[in-house]
Amino acid sequence: MLFRDVVGQEDIKRRLLAETHTGRIPHALMFCGPAGSGKLPLALAYARYLLCESPSETDACGVCPACRMTQNYAHPDLHFSFPVVRYKDAERSVSDVYLDKWREQLTRSPYFDLADWLADMEAGNQQAMIYAAESDAIQKRLSLKSSQGGRKVLVMRWPEKMRVECANKLLKLIEEPPVGTVFLLVSETPDKVLPTILSRTQSIRVPALEQGILEQALITRHHLRPEEAGLPARLACGSYTAAVKALTVNNESALFFDLFVMLMRLSYQRNIKEMRKWSERIAAMGRERQKDFLAYCQRLIRENFIYNFHREELTYQTPEENNFSKNFARFVNERNIIPIMEELSAAERDIEQNTNPKMVFFDFALKMIVLLIQ
């Protein structure tokens, strides 16, 4: 990944290059911003620039031995840390176990989300975490001398998934890393990162991509006509990852839409027996997918509330979602919008805390019977 391969974010590229040229390279950077904005690609491009043997003013050379190794993310001084599912036991649940899969995913595209990574690991019902054993593995890796005699870079994805024990053990290392070592942390929710970790990093806010930039990227990289790029770019809400997924048949989104429609119809009909079957179907999914479904529900409830204002430029729905809203939007109003969103947030919290998903979703379904008639 080179800087020129990163979609948009020109201001941040210039800032990173300027700091490097003046020798003001922070020992720990936190790239934070919404999903799909390009945080990980920026971190990877910056890592490649730092490790390059003959960088230009604007990018890594791409041809030196270091760049060739970094191209496949196999440079010996480029290290990765990321959430994993439990592997046999907690002591052996470290990034190195899944490193080959991680590099394969990065090689396919650095624009991916947690759901994609969980699918690569075949996570099933497990939640991905950065376990305490990861801190020991990181310290061991970074204690070694640079194989190329230069810098060492550690890219940590989703640091918000770090267990407290792991974060506490890394505090000293991040505050006073070995000479020439740079930490690059990439997070969607930095507010969930341990504050003592945050205080030891310099934050770079990566904004959502503008619709025009997304349209141009889809036209040039995916060979779409301008009239074809408009809708996916708009619905992506600043996420290149979402825009690319919108180009293909997204079975996940279609499933979530069907489940949402089914719940709303069953709640309106007060069909308790089928609602119980619905909750059991959701419960069979992995917990990360359950959280994604709840986030999808929150988005669709919000879109249906806005739909009532009859301002098409304010709604971001697919044609199928928009068609459903024609009849359903009237059931979402100023009296129940906040209670519905609160119940969805509570359900997401309960799933995060490993509450029985059958109980969580059946309870939410029953509450929707009352909320929809308010």
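Modeller: Let us begin with a term: helices are DSSP runs of at least four residues, labelled H or I and numbered from the N terminus. Please keep in mind that this is a predicted model.

Colleague: Let us turn to helix pairs. At what angle do helix 1 and helix 2 pack?

Modeller: Helix 1 (residues 10–21) packs against helix 2 (residues 39–51) at an angle of about 25°, and their axes are 11 Å apart. Angles under 35 degrees count as roughly parallel, so helix 1 is roughly parallel to helix 2. Their crossing is right-handed. Helix 1 makes the contact through Ile12, Lys13, Leu16, Leu17, Thr20 and His21, and helix 2 through Leu42, Tyr46, Tyr49 and Leu50. Seven nonpolar, two polar and one charged residues make up the contact of helix 1 with helix 2.

Colleague: How are helix 4 and helix 5 oriented to each other, and which residues meet?

Modeller: The angle between helix 4 (residues 99–108) and helix 5 (residues 114–121) is about 135°, with the axes 10 Å apart. The two helices are therefore oblique to each other. Helix 4 passes helix 5 in a right-handed crossing. Lys101, Trp102, Gln105 and Arg108 of helix 4 meet Asp116, Trp117 and Asp120 of helix 5. That contact divides into two nonpolar, one polar and four charged residues.

Colleague: What is the arrangement of helix 16 and helix 17?

Modeller: Helix 16 (residues 337–352) and helix 17 (residues 357–371) cross at roughly 175°, their axes coming within 10 Å. Angles over 145 degrees count as roughly antiparallel, which means that helix 16 is roughly antiparallel to helix 17. On helix 16 the contact includes Pro339, Ile340 and Glu343, and on helix 17 it includes Pro357, Val360 and Phe361. The contact of helix 16 with helix 17 has 11 nonpolar, no polar and three charged residues.

Notes:
Residues numbered from 1 in each chain as written. Predicted model: local features only at pLDDT ≥ 70, side-chain atom pairs only at ≥ 80, totals over all residues. Heavy atoms only, no water. Axes fitted to C-alpha atoms, helices over the stretch in contact; angles between N-to-C directions. Parallel < 35°, antiparallel > 145°, perpendicular 65-115°, else oblique. Left-handed = near helix turned anticlockwise from the far one by under 90°. Contact = heavy atoms within 4.5 Å. Nonpolar A, V, L, I, M, F, W, Y, C, P; charged D, E, K, R; others polar.
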